[in-house]
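Dear colleague,

Please find below the structure that I am handing over to you. My findings follow directly after it, and I would be grateful if you would read them alongside the coordinates.

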Amino acid sequence: MGQAPATRAPFISLEGGEGSGKSTQIRYLNDSLQALGKPVLTTREPGGAPGAEEIRALLVQGAPGRWDGLTETLLHFAARRDHLVKTVNPARMAGRWVVSDRFADSTMAYQGFGQKLGPEIITRLYDLVVGADGPDLTLVLDLPVEIGLRRAVGRGGVEDRYERMGRDFHERLRQAYLAIAKAAPERCVIVDASGSETAIASQILAIVTDRLLS
Ligand SMILES: Nc1ncnc2c1ncn2[C@@H]1O[C@H](COP(=O)(O)OP(=O)(O)OP(=O)(O)O)[C@@H](O)[C@H]1O
Ligand SMILES: [Mg+2]
């Protein structure tokens, strides 16, 4: 029949520990892509769709130990499924670039390694829930733990459940992100997040241009 070929607009995720600059850099990237005439949808995880945002509250607020690792992982993947089905996939099919503040690498880093659930369960759930609908490009913002936590405290608010997990947790997280990125170089690029906001933004734009616009 006369259906157009199913081309999807690119999907980019930003990853990294607490206070590494993800939300800040998403704003810069959004502006740069818009300036290039690309329609963009910025979104976030956990959340990014009405149902997923309700699940978000269960995850980012309250006592650090309120869930066992598997329950927490299932909540993240339930939210992710809703986010993909309701927000990410429809936007891409409509030709909008999607830029997400966190995606599944956060679950691998936080639950798989931070909370020590291990990588196998996360990989199985990823295959089931995300399959081929994951990001084309992932920017991993890397920063020493103490600098990130100091920055995150400045951000304030009630969404501090993960911030309040121990120092060891955040060190495992940082190492996990670096390992995830090194194991998937076709998708991931590690970005040194210790520079100025604008210097990091131009690095990110150069990577996006190289990987997705050339
Ligand atoms: N390159 C930078 N240098 C110094 N401060 C920065 C830089 N980038 C962001 N900040 C500041 O650090 C704080 C955390 O940044 P941001 O909210 O972007 O991080 P995040 O990765 O989204 O954090 P979270 O994981 O807590 O959501 C903010 O107050 C922000 O203004
Ligand atoms: Mg943020």
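Predicted model: local features only at pLDDT ≥ 70, side-chain atom pairs only at ≥ 80, totals over all residues.

I begin with Glu163, which is placed in the loop between α6 (145-155) and α7 (167-183). Its relative accessibility is 16%, and since buried means under 20%, Glu163 counts as buried. Leaving aside residues up to four places away in sequence, Glu163 touches Glu18, Leu149, Ala152, Val153, Arg155 and His170.

The next topic is the aromatic residues. A pair of aromatic rings is described by the distance of the centres and the angle of the planes. Searching the whole structure gives three aromatic pairs. One of them is formed by Phe11 and Phe103, which are edge-to-face, with 5.1 Å from centre to centre and 80° between the planes. Because Phe11 belongs to strand β1 (residues 11-16) and Phe103 to the loop between β3 (97-101) and α4 (104-114), this pair ties together parts that are 92 residues apart in sequence. Phe11 and Phe103 are both buried.

Tyr110 and Phe169 also form an edge-to-face pair, with their centres 5.7 Å apart and 70° between the planes. Tyr110 is in helix α4 and Phe169 in helix α7, so this pair ties together parts 59 residues apart in sequence. Tyr110 and Phe169 are both buried.

Finally, I turn to a helix packing. Helix α1 (residues 22-35) packs against helix α8 (residues 197-213) at an angle of about 55°, and their axes are 10 Å apart. At that angle, α1 is therefore oblique to α8. The crossing in which α1 passes α8 is right-handed. On the side of α1, the contact is made by Thr24, Gln25, Tyr28, Leu29, Ser32 and Leu33. On the side of α8, Glu197, Thr198, Ile200, Ala201, Ile204, Leu205 and Val208 take part. Sorted by class, the contact of α1 with α8 has eight nonpolar, four polar and one charged residues.

With kind regards

Terms used:
Residues numbered from 1 in each chain as written. Chains lettered and ligands numbered in written order. Heavy atoms only, no water. Axes fitted to C-alpha atoms, helices over the stretch in contact; angles between N-to-C directions. Helix = DSSP H or I, 4+ residues; strand = E, 2+ residues; numbered from the N terminus. Parallel < 35°, antiparallel > 145°, perpendicular 65-115°, else oblique. Left-handed = near helix turned anticlockwise from the far one by under 90°. Contact = heavy atoms within 4.5 Å. Nonpolar A, V, L, I, M, F, W, Y, C, P; charged D, E, K, R; others polar. Buried < 20%, exposed > 50% of the residue type's maximum accessible area, 1.4 Å probe, protein only. Phe/Tyr/Trp six-rings, centres within 6.5 Å; stacked < 30°, edge-to-face > 60°.
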